[in-house]
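Hello,

Here is the structure I promised to pass on. Please have a look at it first; my notes follow below.

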Amino acid sequence: MGLFGPLKPLHRAEEDGKALAKTLSWPHLMALGIGGIIGTGIYTLTGVGAGLAGPGVLVSFALCGLVCACAALCYTEMSTLIPAAGSAYTYTYSAIGEIAGWVVGWALILEYSLACSSVAVGWSAHLVGWLNEGIGLQLPAFLLNAPHAGGLVNLPAVLVSLAVMGLLMVGARESATLNILLVIIKIVALGAFIILGFPAIQAGNYDPFAPYGFIGQQIGGEKVGIMAAAAIVFFAFFGFDAVSTSAEEAKKPGRDLTIGILGSMAVSTLIYMLVAGVAVGVAPFQEIANSAEPLPHILREIGYPMVAGLVGLAAIVALPSVILVMMYGQSRIFFVMARDGLLPQAVAKVNKKGSPALITMITGIFVAIFAGFVPLKEIAALSNAGTLIAFIAVALSMIILRRRFPDLPRTFKVPAHLLVGIAAILGCAFIFYSLPVQSQVFTLVWMVIGLVVYFSYGKWHSRLKKGA
């Protein structure tokens with residue numbers, strides 16, 4: 001028994017029909033991480049971040065990358081130590097206790113569901129823009145906007161959510177294999193932007209480098225500065241944690257998870273730094289901030305309209321990979337919480353391929369409804385809050401288990417674990433502090449709702465409480 005309720009055993013065999021099939025190897029997991037990390041963030045948040053921090057958005061990306069690198073190290077140790085599905089929820093449940101595990105699982109629902117829905121809405125906007133400018137096709141406005149925007153439903157966002165749901169229901173391996181192709185398309189498109197944009201960099205665009213300072217300030221009721229930008233562009237980095245949700249499906253967890261998590265973080269951070277550096281070097285940051293599609297906009301401005309169109313098309317083709325990764329992660333979190341009895345166990349079933357088809361369908365419908373009908377303003381900040389809570393919990397769990405079980409065999413060990421773990425916790429706490437106040441308040445309300453659900457249902461149906 002831990003301070004926050006019963007502790008889940010580090011290793012527990014699951015009954016037939018409730019264990020996920022081991023079908024994924026390290027290329028699938030690395031592509032899963034890159035697919036989740038390189039998405040809406042790089043295509044849109046580069047401009048948003050530049051508007052908040054100026055060229056200093058480079059430091060914002062670097063700081064996020066550093067904090068996420070510390071968190072990724074903690075995730076790698078925990079996922080190889082506890083190669084079970086559930087990611088931060090499972091690790092926290094095993095290290096700190098059931099109540100803390102539930103809180104983190106509830107936070108992950110906030111992260112994955114809202115992020116998944118927001119990417120679907122972003123994909124819809126890219127598609128509509130490309131159809132209008134590319135082939136002159138205009139779709140009815142009432143089918144492109146949610147009710148809060150004067151429409152009936154954002155139909156493209158609903159359809160892409162359901163399409164990804166269908167793919168995930170086929171099986172994890174098939175989904176991950178397609179994801180590899182989509183990741184290659186994204187990397188090629190971003191590579192083209194870097195190569196063509198680099199010669200057009202003007203040094204003067206980097207001055208002043210940090211017009212709003214580091215800690216930031218309030219301008220017009222909005223937080224600005226390098227840390228304010230970091231709190232938003234942090235959205236661009238999470239995705240590697242979805243790799244750890246696949247731990248139970250990895251063929252060789254020790255090798256595959258280590259390469260998948262750390263490899264995807266390293267590649268993605270490098271790409272982000274290069275893209276952001278070129279973007280703010282080619283055009284004044286105010287210009288980038290005012291564009292809904294900063295990368296194609298820059299390419300058009302420097303005389304590459306055809307490539308701009310192809311980069312925009314690559315976003316349309318490849319952004320569903322982000323939806324795939326987020327929906328995959330969400331379905332696995334739901335699945336494990338249900339398998340543990342904290343949600344109805346009836347949905348914790350797998351099909352003949354070892355894939356949780358029922359929970360995937362429920363997740364897909366949930367995401368599609370949010371994407372089609374619910375206003376998702378401040379979505380990046382809200383999703384970030386859930387992620388930051390999960391990252392803090394994983395780092396804390398790693399430190400606790402090192403102290404409780406120092407001699408337990410570990411495939412991967414975090415170097416200087418106390419330093420790295422504390423850096424991840426403090427870094428995430430500082431970024432959370434830099435979030436918009438309304439996002440912090442919403443997160444608190446969400447957590448209160450979660451605790452009500454736990455104490456009215458989960459606590460009484462827990463497998464550990466029943467001794468299962």
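**What I found**

Start with Ala416, which sits in the loop between α16 (379-404) and α17 (417-433). Its phi is near 45°. That is a positive value in a residue other than glycine. Is Ala416 buried or exposed? Ala416 is exposed, because its relative accessible area is 51% and the cut-off for exposed is over 50%.

One caution before the rest: this is a predicted model.

Another loop is worth a stop. It lies between α7 (172-197) and β1 (217-219), and Pro208 is found there. The peptide bond from Asp207 to Pro208 is cis. Its omega is near 0°.

Now the surface. Which residues form a nonpolar patch there? They are Leu162, Leu358, Met361, Ile362, Ile365, Ile369 and Phe373. Together they have about 540 Å² of accessible area. Helix α15 (residues 357-373) gives the largest share of the patch, with six residues. One of the patch residues is Ile365, placed in helix α15. Ile365 counts as partly exposed, at 39% relative accessibility.

Last, the chain as a whole. It has 19 helices and two strands. Of its 468 residues, 59% count as buried. The chain exposes about 17500 Å². Carbon and sulfur atoms supply 72% of that area. Take the contacts with a separation of 6 or more: residues 24 or more positions apart account for 84% of them.

Best wishes

Technical notes
Residues are numbered from 1 along each chain as its sequence is written. This is a predicted model: local features need pLDDT of at least 70, side-chain atom pairs count only at pLDDT 80 or more; totals for chains, interfaces and linings use all residues. Side-chain values use heavy atoms; hydrogens and water are left out. Helices (H or I, at least four residues) and strands (E, at least two) are DSSP runs, numbered from the N terminus. Buried means under 20% relative accessible area, exposed over 50%, partly exposed in between (1.4 Å probe, protein chains only). Contact means heavy atoms within 4.5 Å. Accessible areas come from the Shrake-Rupley method with a 1.4 Å probe; for residues, only the protein chains shown count as cover. Patches are made of residues with over 30% relative accessible area and no salt bridge: like charges are joined within 9 Å, nonpolar side chains (Val, Leu, Ile, Met, Phe, Trp, Tyr) within 5 Å. A salt bridge is a side-chain nitrogen of Lys or Arg within 4 Å of a carboxyl oxygen of Asp or Glu.
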